[in-house]
Amino acid sequence: MRKVMGLTMAALLAVGATACSNGDDGSGTKDGGSGKKIKLTLVQGMAGEEFYETMACGARAEAARLGVDLKVQGPQKFDSTLQTPIVNSVVASRPDGLLIAPTDTKALIAPLTQAKAAGIKTILVDTVVDDPNIGLSRISTDNAKGGQAAATALTREIGDKGKVLVISSDPGVSTVDARVQGFEQAVKASHPGVQFVGVQYSHNDVGEASKVMNSALAKNPDLAGVFATNLNSATGAGSALQQAGKLGKVKMIGFDAGPAQVKQLRDGVVQGLIAQLPGEIGAKGVDQAVAAVKHQPVTKSIPTDATIVTKDNLDKPEGQKVLYKAGC
Ligand code: T6T
């Protein structure tokens, strides 16, 4: 029986919850008294996707607890050309605070600079942009360490030898880029018997991830392992492995833990899922935005935890509590 890897990645990620005050002075108003109710908007990376829906659930619960208004919006695809007009219209509506998961490290700088210029307190949740002046607080998983943890898990699964491939969404997305980098560095530094054969991009599309997986199998029939860096990449890669009859022959570790990934874990398509805490990211995002609006201290960088879910801990409380939800 495979050894339980269900350790909370606290050990691996060594993250400290460093969030400071949540800014709750007992009222959801800007001046803590008779002033207007604080208005926040969360712009997701993609609407309807379980990571961001779970994030929205956490944010909504925290907003209700603090008595502030929260709107949630997101593009139908993970695409900066669709997210930018949403940000522009949110800026025009002048909320007090904006929580956003930018879909591109560069393309979102201009619209978020506008938000800042309009005095909207901006908090980055999950992903970031390259401009360090944007985002009063940045809240996310330590994705590089998550990539390293994926390398440790996958190389163990394949007996520390053979070819490994990464399937990611798109370059220019801070989170998945860091996961790829962490994975590649860890494989190259510590696993001489493992050959890193590169990164293929799914454009965050399940069908495209399947295609990419199929052509990688054609090119590398002896492929030993795959690291899929997010939900759609993992879903597509996994179903291609299943259809190609590669179960047990090609091992897979995926980032994220939505319902499709959990089914693939139960079915033996994937051997481990690195589950983030999107609900906590959303809740902390609300705390930071409220603090900023009230001119209270904010925390520049807040790392959140991640857990490796395997068949061994999936049905235990520590596994169950980190699975993503399709709705609240
Ligand atoms: O992995 C998450 C998120 O952290 C990443 O930034 C984009 O993809 C997801 O939403 C999962 O699909």
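Q: Which residue is the bridge partner of Ile139 in E11?
A: In this predicted model, the partner of Ile139 in E11 is Ile302, where strands (E, at least two residues) and helices (H or I, at least four) are DSSP runs numbered from the N terminus. Residues are numbered from 1 along each chain as its sequence is written, local features need pLDDT of at least 70, side-chain atom pairs count only at pLDDT 80 or more, totals for chains, interfaces and linings use all residues, and side-chain values use heavy atoms, with hydrogens and water left out.

Q: How many bridges join E5 to E11?
A: Strand E5 (residues 137–141) is joined to E11 by 4 bridges, and the two run parallel; strands count as paired if DSSP finds at least two bridges between them.

Q: And what is the strand order of the open sheet?
A: The order is E2-E1-E3-E4-E5-E11, 6 strands with parallel pairing. E2 and E11 (301–304) stand at the edges with a single partner strand each, so one side of each has no neighbour in the sheet.

Q: Changing topic, is H2 mostly covered or uncovered?
A: H2 is mostly covered, with 12 of its 17 residues buried, meaning under 20% relative accessible area with a 1.4 Å probe, protein chains only. Among the buried residues are Phe51, Tyr52 and Leu66.

Q: What do those buried residues pack against?
A: The buried residues of H2 pack against strands E1 (39–43), E2 (69–73) and E4 (121–125), as well as helices H8 (231–243) and H10 (278–293), with contact taken as heavy atoms within 4.5 Å.

Q: What comes just after H2?
A: Gly67 follows, taking a positive phi of about 75°.

Key:
Buried < 20%, exposed > 50% of the residue type's maximum accessible area, 1.4 Å probe, protein only.
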